[in-house]
Amino acid sequence: MSEAAAMDPEDRKIITLARSARARNGVAEGAAVRDETGRTYVAGTVSLDSLKLSALQTAVAMAVASGAQSLEAAAVVTDAATAADADRAAVRDLGGAETPVLVAGPDGVLRETVKAG
């Protein structure tokens with residue numbers, strides 16, 4: 001069975017949401033996180049003169065601002081080969097070191113799953 005076929009449907013959902021955010025907003029990355037209650041938060045890269053946040057940092061910030069206490073999983077759709085250290089740190093701050101970070105390409109295909117820690 002392929003990794004995609006074996007993937008948890010909720011993990012597939014956050015990859016799909018992240019991919020949609022990237023495409024809809026025409027930004028470098030799209031991300032989504034799932035909190036401890038199953039709620040999802042979706043974001044794209046923020047690139048203003050006064051504020052620069054990756055998509056995953058933005059999604060984590062949205063979760064925190066909405067009252068999330070923890071994260072179950074995070075996903076980022078990116079051209080990069082892996083999740084940036086700063087992205088993993090943001091996920092780790094809210095979800096802990098064991099929180100999985102799913103890294104997918106622009107086509108939505110899962111490239112790797114790394115731990116936030």
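This is a predicted model: local features need pLDDT of at least 70, side-chain atom pairs count only at pLDDT 80 or more; totals for chains, interfaces and linings use all residues.
## A first look around the structure

Helix α3 is followed by Gly67, whose phi is positive, near 95°. Keep an eye on strand β5, where six of the seven residues are buried.

**Helix α3**
- Several residues of α3 are buried: Ala55, Leu56, Thr58, Ala59, Val60 and Ala63.
- An α-helix has 3.6 residues a turn, so residues three or four places apart point the same way.

**The nonpolar cores**
- In the largest nonpolar core you will find 21 residues. Those with the most contacts inside this core are Val33, Leu56, Val60, Ala63, Leu71, Val91 and Val101.
- Two or more residues of this core come from each of β1, β2 (40-44), α3 (55-65), β5 (71-77), α4 (85-95) and β6 (100-104).
- Helix α3 gives the largest share of this core, with five residues.
- Another core, of 11 residues, lies apart from the largest one, and its members include Ile15, Ala73, Leu102 and Ala104.

**Strand β5 and its partners**
- Because six of its seven residues are buried, β5 is largely enclosed by the rest of the structure.
- β5 and β1 run antiparallel and are joined by six bridges. Here Gly30 stands opposite Val77 in β5.
- β5 and β6 run parallel, with four bridges joining them. In this pairing, Ala75 stands opposite Leu102 in β6.
- Together with α4, the strands β5 and β6 make a right-handed β-α-β unit.

- Ala31 sits in strand β1, which covers residues 30-35.
- Is Ala31 buried or exposed? Ala31 is buried, because its relative accessible area is 0%, and the cut-off for buried is under 20%.
- Not counting residues up to four places away in sequence, Ala31 touches Ala18, Tyr41, Val42, Ala43, Ala55, Leu56, Ala59, Ala75 and Val76.
- Thr45 is 14 residues from Ala31 along the chain, and the C-alpha atoms of these two residues are separated by 8.4 Å.

Conventions
Residues are numbered from 1 along each chain as its sequence is written. Side-chain values use heavy atoms; hydrogens and water are left out. Buried means under 20% relative accessible area, exposed over 50%, partly exposed in between (1.4 Å probe, protein chains only). Contact means heavy atoms within 4.5 Å. A nonpolar core is a set of buried Ala, Val, Leu, Ile, Met, Phe, Trp, Tyr and Cys residues joined through side-chain atoms within 4.5 Å. Two strands pair if DSSP finds at least two bridges between them. A crossover is right-handed if, with the strands pointing away from the viewer, the path from the first strand over the helix to the second runs clockwise.
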